[in-house]
Amino acid sequence: MPAEEIFYLPLSDLAKRIETKKLSPVELTQLYLDRSTKFGPRLNAYALLTPDSALEQAKVAEKEIQHGHYRGPLHGIPYAAKDLLAVKDLPTTWGAKPYADQVFQYDATVIEHLTRVGAILIGKAAMIELAGGMGYRFASASLQGPAKNPWNTNCWTCGSSSGSGAIVAAGLAAFAIGTETWGSIICPSAFCGVSGLRPTYGRVSRYGAMALAPSMDKIGPLARTAEDCARVFAAIAGHDPKDRSTVPIDKGAFTYSPSLDLKARPLKVGWLTNAWPKLDSGVAKVLLAAEKVVRKFFGGTKSATLPDGPFEDAANIVVSAECAASFRGLIRSGRVSELTDPLGQISGYVNEQYSAADYLRALSIREILQKKMEALFASFDVLVTAAQPIPATPLETNLETDLAFPDPLGAIGNLCGLPALAVPCGFTENNLPVGLQFVARAGDDFAVIQAARTFQAHTEWHRKHPKLA
Amino acid sequence: MNSKKGSGISRREFARRAAIVSAVSVLPAGSLPLDSASSKPLPPQSPDAPKLSTESQAEADARYEAILSHYRSRFSDTQKADLYRLCLLAQPSLDHLRAYPLENGDGPALYLKPLVEREKKAEPAAPRATSPAAKRP
């Protein structure tokens, strides 16, 4: 097999080779480390590479597998974690200068889970400072500078899981962990042409993760395929006494096996007609073709519409108020001025001004919205639309003015904690990826996985990868 | 709290202060006492500023003044103009939110359910017990 191909193998293929001892975890880790060393800096993809500890973990994995102790499909698989997840004794900068020297003495629960199944952490992925909670105007709002899109390095990866998107798209690791409060997994997945799962709120413990808006923060994987996302999700999902927002023990865990087949149940699919007021012409063209595939392989697909209401406003206020509370010390001390982005330096002061009455009103509207969405999901198992209305933007784009568009589905999905999975569905004329997203009711993560797997079983877009110079 | 020893405030005094605070919070922005520096004119509005009602404009202006009353020295003139723009931009969301009909009985969607449910169940021995991936071949 050409060396280039191995970097883009899905987890199932890598796992099979590792389990049958045809591929050494040490060799695979070294390959990804070499590639990450070469391309990571060019893409501003990593906050930190950890070659020593990665190779140490890989040697342990190799020894265990040689002795017949194979832990499962992530054993010996190299990955990267967004730099807002605590890893013992390593810097965890949250992408922001005020926290550049921050080191935790414990692992985030997600890291613990991945370590226990034998996955190998090869580095911390770059990210937008404070996951964009303070607002940002430019892609450069990161300690590492703007993350460059492997499909076109003059373009951005989207944020805030910017490094995670670049790493997976460039084949620098088998998968990466990202987080989403509003758009931070789905958008990088769309811009970078990779698969990304935003799990149901409460399915994955946030213990050891930076808090931005605690009632909306979620952790999920970016990977080659929907199936890969499912495998990683199965490893990281579950109740955690250390994160009181995780769902109860009997509802939190997720078991995935490819034998739970694509026809596990016939999905009732709704094609959203009002998710995006306007689509870029290149995206619209690709989406039209994707809609045909969806309608062909999901019999009985019907048009669906999102409920109308001030749901983006409510989501805005929840994020702003909770973020102001999460970073109150940073704002009050004035150290917020050390952030890179001019918007990030000041918007926290505005966020502090929201009243408790307005915040609670937003939460009341959230409950009404949850009921409206439950009613919609009485007719549909999965809703489908474009993951983003535009392809990747140039690095120097003013995001505040030129990337401002209504995003009712992002607001609704994140306000209600709904699972979503974005997968590549084509390319624009400029060879930039376009993503399709599947959204389901809270708790039904399997529905988005089943739907996205079905789409990928009939398309080849997830097998495309950029040529890196 | 021990009001008898003078280290705290009495219930009556607490109620009196609360009444004053709540009255102040509903005063129009223009009637709030302004420090000498805050009497400076507001920065000019950018062309993309939202069109606001008189009440909403006053609220946005008051928000800007409130920030400056705490942190004025931290901002350059450019940042103050940007801050004022952000204060104005925040207002339409609040107006939309407040215009949405809510009944007194509409409860907030607080995420307390997992906590309540967990209290009825025994705590797991360890988080890993819930993750099946480690056990799968």
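Leaving aside neighbours within four places in sequence, Leu121(A) is in contact with Thr50(A), Ala54(A), Tyr79(A), Ala81(A), Val87(A) and Ile111(A). Two residues count as in contact if their C-beta atoms, placed from the backbone, lie within 7 Å. Leu121(A) sits in strand β3 (residues 120-125) of chain A. Strands (E, at least two residues) and helices (H or I, at least four) are DSSP runs, numbered from the N terminus. Leu121(A) is buried, with 22 other C-beta atoms within 10 Å. The cut-offs are these: buried means 20 or more other C-beta atoms within 10 Å of the residue's own, exposed means 12 or fewer, and partly exposed lies in between. Leu121(A) and Val87(A) are 34 residues apart in sequence, yet 9.6 Å apart in space, C-alpha to C-alpha.

This is a predicted model: local features need pLDDT of at least 70, side-chain atom pairs count only at pLDDT 80 or more, and totals for chains, interfaces and linings use all residues. Residues are numbered from 1 along each chain as its sequence is written, while chains are lettered from A and ligands numbered from 1 in the order in which they are written.

How confident is the predictor? The complex gets an ipTM of 0.92 and a pTM of 0.89. For single residues there is pLDDT, the predictor's confidence from 0 to 100. Chain B has a mean pLDDT of 68, and 50% of its residues reach 70 or more.

| Stretch of chain B | pLDDT | Contacts beyond near neighbours in sequence |
|---|---|---|
| Residues 1-7 | below 50 | six contacts |
| Residues 14-38 | below 50 | 16 contacts |

Now for α2(B). This helix covers residues 54-71 of chain B. The expected span of a helix is 1.5 Å times one less than its number of residues. The 18 residues of α2(B) should therefore span 26 Å, and the end C-alpha atoms are 26 Å apart, which agrees. Buried residues in α2(B) include Glu59(B), Arg63(B) and Leu68(B). Their cover includes α13 (347-351) of chain A together with α3 (77-99) of chain B.

Helix α3(B) also packs against α11 (residues 311-326) of chain A, at an angle of about 115° and with axes 9 Å apart. Axes are lines fitted to C-alpha atoms, for helices over the stretch in contact, and angles run from 0 to 180 degrees between N-to-C directions. From α11(A), the contact uses Asp313(A), Ala314(A), Asn316(A) and Ile317(A); from α3(B), it uses Ser93(B), His96(B) and Leu97(B).
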